[in-house]
Structure formats: structure tokens, C-alpha cells
There are 2 protein chains.
Amino acid sequence: MYVINKDSILEIVKQLDLIPLIKEGFIAYSEGRSVVPPIGELSFKNPPGDVHIKYGYIIGDSYYVIKIASGFWENENLGIPNGQGMMLLFDQKTGQPKAILLDNASLTDIRTAVAGQICAQQFSNDIKCIGVLGTGLQARLQVEYLTHVTDCRNLIVWGRNREKMKQYQKDMGHKGFKVNLADSVRQLSKSSNLIITATGSSEPMLFPEDIMPGTHITAMGSDTLMKRELGPGVLKVSSLVIADSITQCQERGEISHGLKEGDLSKDSVVELGDILSGTRAGRTSQKDITVADLTGVAVQDIQIAIAVFKSYLENQK
Amino acid sequence: MYVINKDSILEIVKQLDLIPLIKEGFIAYSEGRSVVPPIGELSFKNPPGDVHIKYGYIIGDSYYVIKIASGFWENENLGIPNGQGMMLLFDQKTGQPKAILLDNASLTDIRTAVAGQICAQQFSNDIKCIGVLGTGLQARLQVEYLTHVTDCRNLIVWGRNREKMKQYQKDMGHKGFKVNLADSVRQLSKSSNLIITATGSSEPMLFPEDIMPGTHITAMGSDTLMKRELGPGVLKVSSLVIADSITQCQERGEISHGLKEGDLSKDSVVELGDILSGTRAGRTSQKDITVADLTGVAVQDIQIAIAVFKSYLENQK
């Protein structure tokens, strides 16, 4: 069994062409060629923390994958990253453990950014300005990954903390982005036609009246029962609502709130893999508002973990 | 993070006093001092296999534990053990991974045998003859662990395969047991006052009319929805039915079948930890038939994994 550390993983992952890999994962999922049980969860109170266990396999593939990812919000006080985790690969035919990827949650960050990349490529109009809610890791990574699919380098950012907004402006400026600081979420949404929501908020922030026609929203902050970024009515004014997993989005994330509030019906939600495979239509009009709700599906973890491990084995030769 | 291999684990586990550790785990579980979510499951068809993910923690302890255990029944054709697995320990306050115990399912085998040991000690009358259904690993390990709690070395064994029964007789003979081969389960149950059911059967084998008064049965073979060893009515004639986890036994194992068939009500099931803590009574009459249904609870894994790791750290000093 191989134990692969984070530095090696990050070195390998740079060489991988991730978009087709993750797309293939979503397609396999929507076509029923994967087995992905419900997420396992473990919560801690003192100090507060959450562990998610995502696991599954693509039928006929070499490995099955288990990902353990945790968030302990007080870690930063100790100088330890809040996110912790690893991915484990096992032989699909014998159950034998094959590899432990001590990625410390970095592969999750990357596969999440790649899903955002895929959605921006698939659903946005010609991007004029990218609005980013949040100033954390995903608020950065999502934008960095977008450079592969758009020439747009105009950002407008909003966060609860002005200091963090300035730091974001500075850091992303060094990476070639022109970053404006928004005074309000409203100002941000009025000036962007691609909006990425990447906060940990449990209060809605983005409201239907502020969203411009033709906007695509990738909502990736909300991935639990309680979290929420889109206000009531946003999904109602959207012509296309995409879920990475319809089953999962019924239980958690923006769509779960929209279903409860009658903003949309389950039947109107389209699964990302079905659009990527051409089974279902994507954006059909430039004026439409579209929303992709990303809660994170194990097929993304499966695809990235297996690709890293196969590449690692290749390099060993 | 430490990666501890099977040889080291087996060396350490020999030195541990496991009965009090596992008892404490059951008590913590029954007293609500543990967090043990439902078992995660992953099934494979070609070749057939099952993966169980058991996880949780005892509140206030140092670590949380995730166990991954699989059974791939065709592995033996490849000369690989059917059971595969590992236990993972993480810091309960930060989520940081601390240790990987590559025990290859051996700690599960041991903690299961210890649970049997505890039940025999707690519920059986003076043991005259031990009846063993099955000839596999648990059919052996359960009996070996009983040597610490009884002087009885008389066994009667039944299995579907006569050759395997003879092999069992020979192997256990070398370990100091006098082993009779049963012609039928009925003959076995007529001559034993402690019965251990340790097969992978999905058909009932043991029937109420064949069980002698005063018998204790530890049913540990049936741990999934489909598996079953006790026939209809066995739980009805039992004065005491013990579950390692009432919640879990409602879903899987012998008690789940008994509940469906009306042989007992949920309220009449007593949880092992409640008897071990003295909150509930155990056997009250020598004539009673008692049944302990062991489906395996994560607290057992938590307790044994943490004890092994702590001992490993001690030895490093």
C-alpha cells in the first residue's frame, strides 16, 4: 500500500487534465454507472467540528474510494488548517487497500474548483465581470481555475470582513486580476454576469431583484442542511437550475431550501451530468438566469483520487 | 501520522486487557456517551463484495475512529483473505489524522471474540459443553477467547462441510479442546448449554424445540439484513434477549427478524451496556434461555483501536 503525501499529490495534480476527468465523473453519476451511498457525517461540539465521509465507485473501474474530510473551525486559532482529510483507494475486486492520499483536503478544494470551472464554461454567457461572495480559499481557487476557461480578469468581491476583502484584492491582484471591492452584495450582483457564492453563510445574501438577466450563478458555499446563500425567489427567477446530484440537493444546499419554499419542483432540476452528456439541454437563451448548485459528489473525489494514484504509479516506473 | 502494520498490532494487542476496555465501550454506548452514526455500506456485484464503514467516538476521548472493513468472498480463490480493512484514528479536537492501523480486519475479529467472551461470562450458566455452529475464523476465535472465562474444553461443532468440520476438530484439538462432530444442529443444541452461532447463513438453523433450558446463545454470525441463524420462535422462548445495540439490531441481525415476526417487542430487548453497568438485570434464573445478538458496534472498534495506538505510542518512548 502506498502512502502519498500532500506535496507529491499537488505536484502530480498540476500535470492532470482535470476538466474531462471530472466531467466524466458527473456523466457516469447521472447515467447510473456509479455507486454513491449517502454521505456519512460525524459532528463534534467541543470544539465544534464536522466530518464528512464520501465514498463510492464507478462500476467497472479499478478502485473504490473513501474520502474523509473534516472542518474544525477553531483550528485556525491553533495555527492548523480548519480542513483536514485524506482519500483512500481500495481494489474494487478484492477490497485490498491500495493507497492513502494524505491530501489534507486539497484534492477536495481542487475538484470543487474544477466543478465551478465546468459550470462557468457550460452555463455562463461571455463573462464580463465575475462577482465573488466570500474571500476564503474557494473564493480564490474558483477564480484562479476560471482563467483556463475565460479571458475575463475583472472581479468584484464582497465579504463580511473589510480587511479580508482588501487582502483578497491584494492577493488576487498579484495573480493578474483587477479586483473591485463591493459595498454590498446588491452592488456586486448588479455588476456581474457570473456570480460565485463561496461563503459559509447560513443567511441568504443574494436576492432575485438584484440579479441581472443572463447571469450564471455557481452556488458552492452551501453544502449542508443549514447553510444557505441564495435568498427566497432566486431559484424561481432562474430558467435553469442545475444540481451536481439531484438526490443530494434535495437534502442539502440551495435547492433543498427552494423545494421547501415552493420556488421550484424536483422535476425542474436538471442534473449536471445529463447536460454534460448531451441528454438534457443547458442554457437556451442569453437572457436566462441559470444557477448551478454544487454540494460535492463522491464521483468527483473518485475521479481525482484515481487519476492522482495512476499518475503516481506511472511516475514510479 | 503513524502507519502501524498488522504484525505490530497483533504484538501489541496480546498485551492488552481487552475485556474491561470493550465493556467500557458498551457501557459508554448505552449511556449515550458515544456518537455512533449508522453504518455506511458499499456493495459490489462482480465479484461480489461488501464494505462496511463504522465510525464514531466516545465523547471527551482523544480520538475519533473510522473503520473500513470489507468481505470479498471470492478472494480465497486468489489466495487473499476475504476480510480486508483498516482502522483510522483522528484527533477529536482538530480532525487531524493520527494513525492508520493496517490490521487487515484482525482487530474486528478480536473485538468480536471479546464481545462473545463478555456475553459468555455474563449470561451463561456453568458451561458444560460449547456448541459451535460454523467452522470458520470466528467459530475458532470465539472458543479460544472463552478459555479465559471458563475451564470447559468440550466442544461440539456443526458445519455444512464435513471436511471443514474435521479440520476444525483437528485444529482445535491441537489447542486443547475435545471436539465432537455433530450430525445435526439439533444434536448439537441438545448437548450444549452455550451455543455460539458463527456462520454466514441466511437460512435459520437453530429451532426453539431443540434448545435446552438454561442455554445461553451468542448469535454473532448474522450482522446484515439477509443473514439469519436462529429459527422463528427462538427469541420467543428466550427470557432475556440482549442486543449490543438496540438501534442497530432493529435493522439487522436476529432481533430484526424476531421483531418482524412478532416473537418479541422492541421494549423487551435489553442493551448489553445497560446490563454491564448494572442498570438492567441479566440472567435471573438458571432455567432461562438467553440470547445475545451481536451485530458489532463501532464503540468496540473505537476502544480497541485507541488502546492499540496508545500502547504503540507508549512503546515508542
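The peptide bond from Asn46(B) to Pro47(B) is cis, with omega near -5°. Chain A has a cis bond from Asn46(A) to Pro47(A), again with omega near -5°, and Pro47(A) lies in the loop between β3 (40-45) and β4 (48-58) of chain A.

Before I go on, some housekeeping. This is a predicted model, where local features need pLDDT of at least 70, side-chain atom pairs count only at pLDDT 80 or more, and totals for chains, interfaces and linings use all residues. Residues are numbered from 1 along each chain as its sequence is written, while chains are lettered from A and ligands numbered from 1 in the order in which they are written.

Now, the two chains. How is chain B laid on chain A? A turn of 180° with a shift of 0.0 Å along the axis does it, at an RMSD of 0.0 Å. That is the relation of a two-fold axis. The superposition is by least squares on C-alpha atoms of residues with pLDDT of at least 70 in both copies. In chain B, the C-alpha nearest the axis belongs to Gly40(B), 3.4 Å from it. And the same surface serves both copies, since 100% of the contact residues of chain B recur in chain A. "In contact" here says that the C-beta atoms of two residues, placed from the backbone, lie within 7 Å.

So what makes up that interface? 32 residues of chain B are in contact with 32 residues of chain A. On the chain B side, β3 (40-45), β4 (48-58), β5 (63-72), β6 (83-91) and β7 (97-101) each supply at least two residues. By class, that side of chain B has 20 nonpolar, ten polar and two charged residues. For the classes, Ala, Val, Leu, Ile, Met, Phe, Trp, Tyr, Cys and Pro count as nonpolar, Asp, Glu, Lys and Arg as charged, and the others, Gly among them, as polar.

Staying in chain B, look at two helices. The axes of α1 (residues 6-14) and α3 (residues 106-123) of chain B come within 10 Å and cross at roughly 20°. That makes α1(B) roughly parallel to α3(B). The cut-offs are under 35 degrees for roughly parallel, over 145 for roughly antiparallel, 65 to 115 for roughly perpendicular, and oblique for the rest. The axes are lines fitted to C-alpha atoms, for helices over the stretch in contact, and angles run from 0 to 180 degrees between N-to-C directions. Who meets whom? Lys6(B), Ile9(B), Leu10(B) and Val13(B) in α1(B) meet Ser106(B), Leu107(B) and Ile110(B) in α3(B). Those residues divide into five nonpolar, one polar and one charged.

Over to chain A and its domains. Domain 1 covers 2-107 + 299-316, and domain 2 covers 111-297; the bounds come from an automatic or database domain assignment. Taken over C-alpha atoms, 23 Å separate the centres of the two domains of chain A. 15 residues of domain 1 of chain A are in contact with 15 residues of domain 2 of chain A. Which element gives the largest share of the domain 1 side? That's α2(A), with eight residues. That side of domain 1 of chain A has ten nonpolar, two polar and three charged residues.

Last stop, the sheet in chain A. Eight strands form an open sheet in the order β10-β9-β8-β11-β12-β15-β13-β14, with parallel pairing. Strands count as paired if DSSP finds at least two bridges between them. The edges are β10 (178-181) and β14 (269-271) of chain A, each pairing on one side only. Neighbouring strands are turned by 20° against each other on average, direction ignored. Zoom in on β13 (residues 240-243) and β15 (residues 290-293) of chain A, which pair in the parallel sense over four bridges. There, Val241(A) stands opposite Val291(A) in β15(A). Helix α5 (residues 162-174) of chain A packs on the sheet, touching β9 (154-158) and β10 of chain A, and its direction makes about 170° with that of β10(A).
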